[in-house]
Amino acid sequence: MTHRLAATLLLGLLVLPAQAAPKPASKAKGEIAWKMVKVRHGRFQVPHLTRYRDPKVLRSVNRQIDAIVAEMGCDPTTYEIEIRSALKLASRDIFSVYLSGSYDCHGAYPINEDLRSTTFDLRTGRPVKFEELFRDYNRDKRAILSTIFAKQVAAAEKHPQPEAPDPNDDGSCDKSPWLYALDALEEGSYSFNFAPRGLEVQPEWPHVVQACEERVTVPYEKLRPYAAPGGLLGRMLQK
């Protein structure tokens, strides 16, 4: 091998690693990163933050998620349990996690859907309640729920609850549209998630009618008139 060839090969070896080196991870302010981690003895997975500009918030949010999961079931050692989870949104300082469990504690009936979805405002590290999304939920409750459940409320108005039991009612949800009567919705509570396409909302009803709960997605723009100033809805409406 000539000295010139040897020098060329050596130069190539020195240059190649610099060209192939991966780009450093972005440290942009406000960037959120996450991954699914194993919980409950590795049987299930839930989303965890892995990067956020405030490490204290990151640790706090992950601890809160783990605490919610630990509470599900009859006790921490419950094995007759199924936990479902998904990351719905990690953007605009919002971390929205879908969480639901089903389990049997050998009571009157099994728990088919224990909704524990939680949305965190990463600017504070705390979970946000449904009512806090709006400027004045108590004042605008009927308008807000009519907007979210527009289709269901319209059907309920056309088919109110009969005064006497319907002999043709087989118990199916499509024969009970009156469950979404606005007066009834006003008394309810709601699970929600932020998602790219809009706000996902689901009623939390007693076991006897739980199967009739519908999860709906309403575009954020439709909720603009009711959004709390500086709140999460307003954040999603920013261009």
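**View 1. Leu-133 and its contacts in a predicted model.** Leu-133 touches Val-128, Phe-192, Phe-194, Leu-199, Tyr-226, Ala-227, Ala-228, Leu-232 and Leu-233, leaving aside residues up to four places away in sequence. Contact here means heavy atoms within 4.5 Å. The model is predicted: local features need pLDDT of at least 70, side-chain atom pairs count only at pLDDT 80 or more, and totals for chains, interfaces and linings use all residues. Residues are numbered from 1 along each chain as its sequence is written, and side-chain values use heavy atoms, without hydrogens and water.

**View 2. The largest nonpolar core.** This core has 34 residues. Leu-133, Phe-149 and Phe-194 have the most contacts inside it. Two or more residues come from each of α3, α4, α5, β8, β9, β10 and α6 (232–237). Another core, of 23 residues, lies apart from it; Val-39, Val-69, Phe-95 and Leu-122 are among its members. A nonpolar core is a set of buried Ala, Val, Leu, Ile, Met, Phe, Trp, Tyr and Cys residues joined through side-chain atoms within 4.5 Å. Buried means under 20% relative accessible area, exposed over 50%, and partly exposed in between (1.4 Å probe, protein chains only).

**View 3. The open sheet β8-β9-β10.** Three strands form this sheet, with antiparallel pairing. The edge strands, β8 (190–195) and β10 (216–218), each pair on one side only. The twist averages 25° from one strand to the next. Six bridges join β8 to β9 (residues 198–203). Phe-194 has Leu-199 in β9 as its bridge partner. Helix α3 (residues 137–148) lies across β8, β9 and β10, at about 110° to β10. Strands pair if DSSP finds at least two bridges between them. Helices (H or I, at least four residues) and strands (E, at least two) are DSSP runs, numbered from the N terminus. Axes are lines fitted to C-alpha atoms, for helices over the stretch in contact; angles run from 0 to 180 degrees between N-to-C directions.

**View 4. The disulfide Cys-173 to Cys-212.** A search of the whole structure finds one disulfide (cysteine sulfur atoms within 2.5 Å). Cys-173 is joined to Cys-212, S to S 2.1 Å. The S-S torsion is about -90°, so the disulfide is left-handed. Cys-173 lies in the loop between α4 (150–158) and α5 (182–186), and Cys-212 in the loop between β9 and β10, so the pair ties together parts 39 residues apart in sequence. Cys-173 is partly exposed at 32% relative accessibility, whereas Cys-212 is buried at 11%.
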